[in-house]
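Please look at the sequence and the three-dimensional structure shown here.

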Amino acid sequence: MAGPNPELRRQVIAIYKELLYLGREYPLGFGYFRPRLHKAFMAKAEERDEEKIKYGIKHAEYVKKDII
């Protein structure tokens with residue numbers, strides 16, 4: 001079994017950090033936002049299919065636009 005693609009890993013970490021940063025201004029508060037963000041990312045932590053990871057990154061970008 002091959003390891004995760006380093007570029008996709010970098011992208012996932014970057015979008016997580018961006019969402020975490022944007023979550024500071026979330027209307028229900030950072031204490032509400034952070035655990036849910038963490039749970040959403042951890043639910044997909046074992047994913048190794050590159051297409052599914054790319055789809056997840058696109059979904060996170062959509063959520064980011066909704067927060068802004």
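The description begins with the chain as a whole.

This is a predicted model, in which local features need pLDDT of at least 70 and side-chain atom pairs count only at pLDDT 80 or more, while totals for chains, interfaces and linings use all residues. Residues are numbered from 1 along each chain as its sequence is written, and side-chain values use heavy atoms, without hydrogens and water.

The chain contains three helices and zero strands, in the order α-α-α from the N terminus; helices (H or I, at least four residues) and strands (E, at least two) are DSSP runs. The C-alpha trace spans about 40 × 20 × 15 Å along its principal axes.

The axes of H1 and H3, lines fitted to C-alpha atoms over the stretch in contact, come within 10 Å and cross at roughly 20 degrees. H1 and H3 are therefore roughly parallel to each other, a term for angles under 35 degrees. In their contact (heavy atoms within 4.5 Å), residues of H1 including Leu-8, Val-12 and Ile-15 meet residues of H3 including Ile-53, Ile-57 and Ala-60. The residues of this contact divide into 10 nonpolar, one polar and five charged.

H1 (6-22), H2 (30-43) and H3 (50-67) each supply at least two lining residues.

Conventions: Axes are lines fitted to C-alpha atoms, for helices over the stretch in contact, and angles run from 0 to 180 degrees between N-to-C directions. Angles under 35 degrees count as roughly parallel, over 145 as roughly antiparallel, 65 to 115 as roughly perpendicular and the rest as oblique. Ala, Val, Leu, Ile, Met, Phe, Trp, Tyr, Cys and Pro count as nonpolar, Asp, Glu, Lys and Arg as charged, and the others, Gly among them, as polar.
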